[in-house]
Protein chains: 2
Amino acid sequence: MDARSYIEAGRDGFVETLSRWLAIPSISADPAHHGDVRRSAEWLAGHLRTTGFPVVEVWETPGLPAVFAEWPAADPDAPTVVVYGHHDVQPVDPVEAWDTDPFTPTVVGDRLVGRGSSDDKGQVLFHTLGLRANLAASGADAPPVTVKLLVEGEEESGSPHFADLLARHRDRLDCDVVVVSDTTMWAADVPSMCVGMRGLTDCQIDVYGPGTDLHSGSFGGAVPNPARALAALLAGMHDADGRVAVPGFYDDVVEISPGEREAIARLPFDEAEWLRTANSAAAVGEAGYSTLERVWVRPTAEVNGMWGGHTGAGGKTIVPRSAHAKVSFRLVPDQEPLRIQERVRRYVLDNLPDGLRAEIGFGGPGVRPCASDLESAGVRAAREAMARAFGSEVLYTREGGSGPEADIADVLGAPLVFVAVGLNSDRIHAPNEKVEIPLLLKGAESVAYLWDAYATALRG
Amino acid sequence: MDARSYIEAGRDGFVETLSRWLAIPSISADPAHHGDVRRSAEWLAGHLRTTGFPVVEVWETPGLPAVFAEWPAADPDAPTVVVYGHHDVQPVDPVEAWDTDPFTPTVVGDRLVGRGSSDDKGQVLFHTLGLRANLAASGADAPPVTVKLLVEGEEESGSPHFADLLARHRDRLDCDVVVVSDTTMWAADVPSMCVGMRGLTDCQIDVYGPGTDLHSGSFGGAVPNPARALAALLAGMHDADGRVAVPGFYDDVVEISPGEREAIARLPFDEAEWLRTANSAAAVGEAGYSTLERVWVRPTAEVNGMWGGHTGAGGKTIVPRSAHAKVSFRLVPDQEPLRIQERVRRYVLDNLPDGLRAEIGFGGPGVRPCASDLESAGVRAAREAMARAFGSEVLYTREGGSGPEADIADVLGAPLVFVAVGLNSDRIHAPNEKVEIPLLLKGAESVAYLWDAYATALRG
């Protein structure tokens with residue numbers, strides 16, 4: 001039986017199985033649901049054993065558990081794939097905004113509605129269906145590549161223990177490629193592959209001036225004002241072309257290839273619709289780049305918040321003693337968060353007026369950007385496998401956001417390939433999250449083809 | 001008996017009388033003390049009658065009452081003086097920081113300690129002693145100029161009804177000069193005369209961007225950020241020389257005369273000590289001006305507060321929907337608050353990036369700056385009268401702060417002359433307010449001489 005027929009025949013069973021998993025409210029951010037996250041891990045482990053994985057383990061962390069499974073290829077020289085996903089879900093507030101109970105999965109036409117249906121349980125589960133389809137098509141007892149699944153339980157809580165988990169199990173996770181199934185396609189009828197995510201580092205800048213708020217009549221005009229100085233620091237972070245003006249900020253930025261640029265330009269992007277979604281009156285940014293390029297392949301400096309001095313009703317004529325801002329930087333390959341932190345620190349200190357003191361605190365080491373090599377065997381094979389499943393060309397996208405994926409690729413020393421079928425309209429992190437069942441089946445079909453392709457394409 | 005002998009003989013009685021008035025806790029900002037403010041007005045009215053003023057009236061307002069008194073000169077063609085002061089006092093919090101009860105006036109050596117002793121009851125009361133001294137010296141029944149006293153009851157609450165009161169009684173307050181006794185001298189051994197106060201206008205600037213906070217991964221870099229735009233607006237309000245860069249801001253600024261500049265330079269100013277008082281690490285400001293000039297004779301733009309976006313713990317990677325700032329402008333002659341408001345409004349709107357919306361709200365019509373003409377008869381005579389009383393040269397100072405004095409001069413169409421003997425060390429508005437009794441007596445002596453001088457100097 002070919003993979004597509006196997007998958008189509010398995011549709012009802014797949015939806016039923018997924019629905020059982022979705023019924024477990026595995027909200028990692030809510031301590032009251034931590035027992036449910038553990039139940040979710042146990043459910044997944046059981047499902048993976050049923051699927052046929054000979055090795056299935058629940059990996060504990062100081063927080064919530066991940067699930068690991070391995071199905072070795074018959075050929076010991078076959079390539080190895082690590083599949084990354086997560087089994088925890090977002091909170092459901094405001095629960096009254098849901099049309100159905102978030103943990104009573106409901107089929108509405110071709111859609112399955114429920115928390116986690118798209119992000120990320122549905123996309124994890126298409127892998128077991130796809131692997132069974134691959135085996136049904138080949139008639140073999142083992143996959144053509146060694147398939148390792150790593151399904152995290154704290155992704156929606158910032159993956160606080162994931163880096164340690166990766167480091168601890170580094171040897172078990174040895175692989176030739178990392179396949180991530182936790183992102184989206186451009187549209188249901190425009191299949192696409194994410195080929196990069198922006199990195200991130202964020203900081204708080206505190207500027208201190210006089211020891212106390214000063215009367216602006218007695219002192220104003222003759223002492224440095226920390227709020228004015230902070231405003232100048234923030235304003236000076238961009239030049240007139242919308243480029244980040246922190247010295248050295250672009251030193252390590254890799255320009256995207258003309259090919260990727262052309263591919264992005266071919267996406268059917270409706271800027272007016274995008275602006276409606278953003279609820280913004282204008283699309284503005286770095287000169288020389290389109291809106292999609294600005295949010296996908298260009299780094300940013302963004303003022304996330306600021307405060308200082310008198311913020312209540314009415315006026316208060318003071319020189320405030322301090323002013324504060326939160327600023328985050330989205331990064332693109334090959335910017336290193338720690339190098340950017342050093343440059344931002346130097347920018348602030350170099351531009352601080354006399355008589356003020358500044359402190360800069362960074363929110364941890366940051367997240368590295370990542371990008372796939374479009375010419376790599378891993379990406380080309382995945383793109384072809386998706387094209388075969390979807391019956392149409394697969395375009396390239398990126399994600400403007402940041403995730404732990406870059407760290408997985410770094411720690412495991414393997415390239416990242418995104419094979420995912422979510423949609424931006426899936427309402428992940430929002431009420432009435434849903435997934436398109438036909439897309440999950442296309443995801444399963446894609447990986448059924450992909451493992452065969454990788455068996456030869458990734459071979460030494 | 002000459003004025004000085006009369007005043008020295010009256011010292012004990014003066015301190016006793018002032019102490020009785022200081023015992024009335026006339027805190028206008030505290031509704032629980034509004035009855036006391038009324039008692040204070042009645043006490044003053046009684047004292048003025050005892051002093052000999054033939055006309056004494058308590059002038060009601062929608063808030064707390066002022067006291068008006070008039071003692072006409074014998075000569076109907078004699079000039080008229082309006083003396084301005086106030087009988088309400090600041091709150092006393094933190095009361096536990098006082099060494100003595102704030103409303104149990106206590107003599108400690110040459111000092112009288114108590115709320116209102118310097119600001120402003122002591123300085124109002126030296127006028128009655130001074131006027132009696134003038135009469136004792138001349139032997140006349142009436143002063144050589146018509147003396148009108150206007151003693152406000154809401155000065156420490158922002159004088160909310162004072163402009164209306166002035167307008168309503170405009171005719172009764174007709175005069176040739178307004179003498180204000182509510183400021184300070186440089187030091188006990190450096191008598192000086194304030195010859196100007198800065199004006200003030202303040203605003204709140206609100207910048208609005210996307211309809212909601214946006215995810216900086218999905219949208220950052222491609223939509224306008226209101227916090228960044230506001231920072232640029234605030235930063236752009238000054239140029240590299242520390243001058244206010246709002247177009248037209250300096251159009252109406254009158255440079256001080258070389259004479260006044262030289263007089264300011266002669267003040268024994270200790271910048272290190274000033275910085276300790278400011279608790280600031282540096283004295284910085286507009287290029288080309290000294291610290292005293294920056295706070296006295298130069299206009300400013302000061303960020304009093306700002307806020308927007310995420311201001312809590314940790315990071316939040318958003319493009320905030322709005323950002324806000326409070327900005328105030330100290331003004332110098334002949335800047336008009338309403339013209340400055342229009343220029344600030346235009347600056348904000350002209351420099352707002354595409355896709356953002358701004359609102360600018362001003363805190364009322366503002367306060368006009370004022371300055372005395374150093375060559376005027378009113379100032380020269382007052383300076384000579386003070387010099388005679390103090391036995392030393394009288395230098396010039398200004399006040400960097402703003403008060404209703406400018407409006408009095410405007411409404412009454414008469415020049416302002418400041419004759420005051422407070423000290424910056426008097427701890428007005430703070431615990432343990434005190435006044436130097438010998439300085440109050442010098443104030444009394446100054447006006448005793450001044451009324452004689454004005455009788456000829458101001459004559460038509």
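The model is predicted, so local features require pLDDT of at least 70 and side-chain atom pairs count only at pLDDT 80 or more, whereas totals for chains, interfaces and linings use all residues. Residues are numbered from 1 along each chain as its sequence is written, chains are lettered from A and ligands numbered from 1 in the order in which they are written, and side-chain values use heavy atoms, with hydrogens and water left out. Chain A and chain B bury about 5,000 Å² between them, and the structure holds 58 salt bridges over all chains.

**Domains of chain A**

- Chain A is divided into domain 1 (3-197 + 369-457) and domain 2 (199-253 + 299-362); the bounds come from an automatic or database domain assignment.
- The C-alpha centres of domain 1 of chain A and domain 2 of chain A are 40 Å apart.
- Eight residues of domain 1 of chain A are in contact with seven residues of domain 2 of chain A, where contact means heavy atoms within 4.5 Å.
- About 470 Å² is buried between domain 1 of chain A and domain 2 of chain A, and carbon and sulfur atoms give 62% of that area. Buried area is the accessible area (1.4 Å probe) that two parts lose on being put together, summed over both.
- On the side of domain 1 of chain A that touches domain 2 of chain A, there are four nonpolar, three polar and one charged residues. In this classification Ala, Val, Leu, Ile, Met, Phe, Trp, Tyr, Cys and Pro count as nonpolar, Asp, Glu, Lys and Arg as charged, and the others, Gly among them, as polar.
- Two residue pairs are in polar contact across the interface of domain 1 of chain A and domain 2 of chain A, both at pLDDT 80 or more. A polar contact is a pair of N or O atoms within 3.5 Å; within protein, one must be able to donate a hydrogen and the other to accept it, and residues adjacent in sequence count only if both atoms are side-chain atoms.
- The number of salt bridges between domain 1 of chain A and domain 2 of chain A is zero; a salt bridge is a side-chain nitrogen of Lys or Arg within 4 Å of a carboxyl oxygen of Asp or Glu.

**Interface of chain A and chain B**

- The interface brings 70 residues of chain A into contact with 70 residues of chain B.
- Of the area buried between chain A and chain B, 58% is on carbon and sulfur atoms.
- There are zero salt bridges between chain A and chain B, while 34 residue pairs are in polar contact across their interface.
- Strand β12 (residues 300-309) of chain A gives the most to the side of chain A that touches chain B, with nine residues. Helices (H or I, at least four residues) and strands (E, at least two) are DSSP runs, numbered from the N terminus.
- By class, the side of chain A that touches chain B has 28 nonpolar, 32 polar and 10 charged residues.

**Salt bridges**

- A:Lys434 and A:Asp426 form a salt bridge in which the closest N and O atoms are 2.8 Å apart, and both residues are buried. Buried means under 20% relative accessible area, exposed over 50%, and partly exposed in between (1.4 Å probe, protein chains only).
- A network of salt bridges links A:Arg111, A:Asp426, A:Lys434 and A:Glu436.
- B:Arg459 and B:Asp75 meet through their side chains in a salt bridge (2.9 Å, N to O). This pair links distant parts of the chain, 384 residues apart: B:Arg459 is in the segment after α14 (437-457) of chain B, and B:Asp75 is in the loop between β2 (66-71) and β3 (80-86) of chain B.
- B:Arg459 is partly exposed, at 39% relative accessible area, and B:Asp75 is partly exposed at 29% relative accessibility.
- B:Arg343 forms a salt bridge with B:Asp252, with the closest N and O atoms 3.7 Å apart. Because B:Arg343 lies in helix α11 (residues 337-350) of chain B and B:Asp252 in the loop between α7 (226-235) and α8 (258-266) of chain B, the pair ties together parts that are 91 residues apart in sequence.
- B:Arg343 counts as buried, at 13% relative accessibility.

- A:Thr17 lies in helix α2 (residues 11-22) of chain A and counts as buried because its relative accessibility is 15%.
- The side chain of A:Thr17 reaches the backbone oxygen of A:Gly13 at 2.8 Å. Not counting residues up to four places away in sequence, A:Thr17 touches A:Trp43, A:His47 and A:Leu125.
- B:Ala414 is in the loop between α13 (405-412) and β18 (416-418) of chain B and counts as buried at 7% relative accessibility.
- Not counting residues up to four places away in sequence, B:Ala414 touches B:Cys175, B:Asp176, B:Val177, B:Val178 and B:Ala409.
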